[in-house]
Amino acid sequence: MHISDGVLSAPILGAGMALAAAGTAVGLKKLKEDKIPQAAILSAAFFVASLIHVPIGPSSVHLILNGILGLMLGWTAFPSILIALLLQGVLFQFGGITTLGVNTVIMATPAVACYYLFAGVVHKPGAISYIASFACGFLSVFFSSLLVGTALMFTQESFFEVAWAVVIAHLPVMFIEGLVTIFCVGFLKKVQPELLPKWSAAQHQAALDSRTKMVEKQV
Amino acid sequence: MIYRKYFIMFSYLMLFFILSSGNALAHKVTVFAWVEGGTVLGEGKFSGGKKAQNAEIIVWSLNGKELLRTRTNKKGEFSFPIPARTAMRIELTAGMGHKAEWTIPLEDIDETAAAKSAQDTGPPPHEPAPPGQAAQPAISIDPVQLEAIVEKAVTKALNKKITPLTKIVAGLEQKGPTMNEILGGIGYIFGLMGVAMYFSFRKKKP
């Protein structure tokens, strides 16, 4: 879902750059010191994920991972994705330099949206958490497809045609990303729950308390 | 049992979507073209070597005049006769924001055009031999004719030899990212992390 150079008109490119710059500014402001390594690792994961082609049938799909990235980073997804896309553009000529702003908005806006939609829900126990995680991975790619359609709407291509084509093409990716996100969230909840968003110290304390209570009961 | 049924339905659905997905998932599209005889041949590929099927090709002259439109075939190839004696910019649009360009310089077209005109003149009209040379055997060939024949043969032979090479070059252009580049990118990201941490640390220190 990278739009190449020379497809979009100048106003769209400018608008994309302005939006990406604003998002990046917000993201950098929210980037606390202890979150820097996490942001860098997720940025690297995003950079590499799109190189991993999963050959299914005659075609091959590649991962995007903007759902889990947004869930864990919130607004910091903007600078992380910007850097990853810049490097993809410079090193592999994927996407383009003039379209960097537009591509960043296409990838990062759904990430931030998923953060607001699902950050409070993934902590819920059991099935709700799984459903929310799946929806997070699925919808992030879906929203990105819609944004590609929106960006291309201003060229000769019609919105519904393009958006439909992109959504259909990325359905397998949406399913795979949903499953990957379930796996990631489940793993983090077991191993390092404080990496997940809105995991407050209070919650942590509550979890610890319930555990000690259980231990006391057993004793 | 019910789960099994759903699973099979789901698999078919996935298969359908994957089969219908076509070229949309590729990263980058490239187009490559060369002149052979009086025609322009070319091919469009996505990174990873997938063919750009049924993509629109628009040929522009360098001053922005549209010369012709065509589409790539199932193999991602296209061809058209040289439309005009001018340098050409071939633009491939694969949809969903994928686009690539290739320019054919004027020299390439001139060269083949010259070769072609030499061919077209064909065997020049048989001139009556000068009286002094009448005694010579009939095998003697007119130099102009000879040149045309040789040129034709050489062009043919060269094309045969060069076409595989041009395809190899085109293939190299469409190579996916290498390990070095990938590791380099990750290195850059961690370098930036270092810079960010350095500055945040300095800010904290009074």
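## A helical segment in chain B

Over residues 182-201 of chain B, the chain is 100% helix and 0% strand, with 29 Å between the end C-alpha atoms. Helices here are DSSP runs of H or I with at least four residues, strands are runs of E with at least two, and both are numbered from the N terminus. An unreviewed UniProt entry annotates residues 182-201 of chain B as "transmembrane region"; UniProt positions follow the numbering used here, feature names are shortened, and annotations may be inferred rather than shown by experiment.

## Ground rules

This is a predicted model, in which local features need pLDDT of at least 70 and side-chain atom pairs count only at pLDDT 80 or more, while totals for chains, interfaces and linings use all residues. Residues are numbered from 1 along each chain as its sequence is written, chains are lettered from A and ligands numbered from 1 in the order in which they are written, and side-chain values use heavy atoms, leaving out hydrogens and water.

## Chain B at a glance

Chain B has 4 helices and 7 strands. Reading from the N terminus, the order is α-β-β-β-β-β-β-β-α-α-α. Of the 206 residues in chain B, 29% are buried (buried means under 20% relative accessible area, exposed over 50%, and partly exposed in between, with a 1.4 Å probe and protein chains only).

Let's look at the surface next. B:Lys152, B:Lys156, B:Lys160 and B:Lys161 gather in a patch of positive charge. Patch members have over 30% relative accessible area and no salt bridge; like charges are joined within 9 Å, and nonpolar side chains (Val, Leu, Ile, Met, Phe, Trp, Tyr) within 5 Å. B:Lys161 belongs to helix α3 (residues 143-173) of chain B and counts as exposed because its relative accessibility is 65%.

A nonpolar patch on the surface has about 810 Å² of accessible area together, and B:Ile141, B:Leu146, B:Val150 and B:Leu158 are among its members. Accessible areas come from the Shrake-Rupley method with a 1.4 Å probe, and for residues only the protein chains shown count as cover. B:Leu158 also lies in helix α3 of chain B; with a relative accessible area of 44%, B:Leu158 is partly exposed.

## Salt bridges

The structure holds 5 salt bridges over all chains, each being a side-chain nitrogen of Lys or Arg within 4 Å of a carboxyl oxygen of Asp or Glu. One of them pairs B:Arg89 with B:Glu101 at 2.8 Å, N to O. This pair links distant parts of the chain, 12 residues apart: B:Arg89 is in strand β6 (residues 88-95) of chain B and B:Glu101 in strand β7 (residues 98-104).

B:Lys99 and B:Glu91 form another salt bridge, with their closest N and O atoms 3.8 Å apart. Shared partners join B:Arg89, B:Glu91, B:Lys99 and B:Glu101 into one network. Within it, B:Glu91 is buried, at 8% relative accessible area, whereas B:Lys99 is partly exposed at 22%.

B:Arg69 and B:Glu66 also meet in a salt bridge (2.7 Å, N to O). B:Arg69 is partly exposed, with a relative accessible area of 46%, and B:Glu66 is partly exposed at 35%.

## Positive phi angles

Most residues other than glycine have a negative phi. A:Leu65, not a glycine, has a positive phi of about 65°. A:Leu65 sits in the loop between β2 (59-62) and α3 (66-73) of chain A and is buried, at 18% relative accessible area.

In chain B, B:Asn54 has a positive phi near 50°. Its place is the loop between β2 (39-46) and β3 (56-61) of chain B.

Terms used: Lys and Arg count as positive and Asp and Glu as negative; His and the chain ends are not counted. The place of a charge is taken as NZ of Lys, CZ of Arg, CG of Asp or CD of Glu.
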